[in-house]
Amino acid sequence: MESRAQGLDVGFRMAVQAQADILDGAHRLKYVRDFLVGLENCQTQCAFFDFCRGAQAANRYFENGSLTTTETNYCRVSRQALVTALSTLATTEKEPAA
Ligand code: SF4
């Protein structure tokens, strides 16, 4: 007879396997491929990619209408402006007088 813990373990392993199967087939989904195109475009076209990593999928879709796009209002104000401001501060801030 299977204990409750053994039943939970079997259920957990089945859920993990189902997730692995889903991920294995993800590349066949158009929206996943589109997202990866956008990610590659960010990487090749944007100077902020090293900081941002380009993963603003929802904003790409809802602001620009496509997951293949790159720049959004969200990334301009939350990523690009932040890096630009910190970079400006770092290059213009003076050492305090001793
Ligand atoms: S800042 Fe915007 S355009 Fe640049 S990598 Fe991030 S999401 Fe892409």
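Analyst: Let's start at the ligand: α5 gives the most to the shell around it, with three residues. Keep in mind that this is a predicted model, where local features need pLDDT of at least 70 and side-chain atom pairs count only at pLDDT 80 or more, while totals for chains, interfaces and linings use all residues. Residues are numbered from 1 along each chain as its sequence is written.

User: What makes a residue part of that shell, and which residues surround the ligand?

Analyst: A residue counts as near a molecule or strand if its C-beta atom, placed from the backbone, lies within 6 Å of it. The ligand is surrounded by Cys-42, Cys-46, Phe-48, Phe-49, Cys-52, Gly-54, Gln-56, Thr-70, Glu-71, Cys-75, Arg-79 and Gln-80. Both α3 (49-52) and α5 (73-92) supply at least two residues of that shell.

User: How does the shell around the ligand split by class?

Analyst: Six nonpolar, four polar and two charged. The nonpolar class is Ala, Val, Leu, Ile, Met, Phe, Trp, Tyr, Cys and Pro; Asp, Glu, Lys and Arg are charged; the others, Gly among them, are polar.

User: Why does Glu-71 count as buried?

Analyst: Buried takes 20 or more other C-beta atoms within 10 Å of the residue's own, exposed is 12 or fewer, and partly exposed is in between, with C-beta atoms placed from the backbone. Glu-71 has 20 such neighbours, so it counts as buried. It's in the loop between α4 and α5. Its C-alpha is 11 Å from that of Cys-52, and the two are 19 residues apart in sequence.

User: Why is Arg-53 called exposed?

Analyst: Arg-53 has 12 other C-beta atoms within 10 Å, so it is exposed. You'll find Arg-53 in the loop between α3 and α4.

User: What makes Tyr-61 partly exposed?

Analyst: Tyr-61 has 18 other C-beta atoms within 10 Å, so it lands in the partly exposed band. It belongs to helix α4. Leaving out residues up to four places away in sequence, Tyr-61 touches Ser-66 and Leu-67; a contact means the two C-beta atoms, placed from the backbone, lie within 7 Å. Phe-35 is 26 residues away from Tyr-61 in sequence and 9.3 Å away, C-alpha to C-alpha.

User: How many helices and strands are there?

Analyst: Five helices and zero strands, running α-α-α-α-α from the N terminus. Helices (H or I, at least four residues) and strands (E, at least two) are DSSP runs, numbered from the N terminus.

User: How do you know that the span of α2 agrees with its number of residues?

Analyst: The expected span of a helix is 1.5 Å times one less than its number of residues. For the 16 residues of α2 that should be 22 Å, and the end C-alpha atoms are 22 Å apart, so it agrees.

User: Which residues of α2 are buried, and where do they sit around the axis?

Analyst: Gly-38, Leu-39 and Cys-42 are the buried ones. They cover an arc of only 100 degrees around the axis, so they are on the same side of α2; the arc is that of the directions from the helix axis to the C-beta atoms. They pack against α3 and α4 (57-64). On the other side, Lys-30, Thr-44 and Gln-45 are exposed.

User: What about α1: why does it lie largely in the open?

Analyst: Zero of the 21 residues of α1 are buried, so the helix lies largely in the open.
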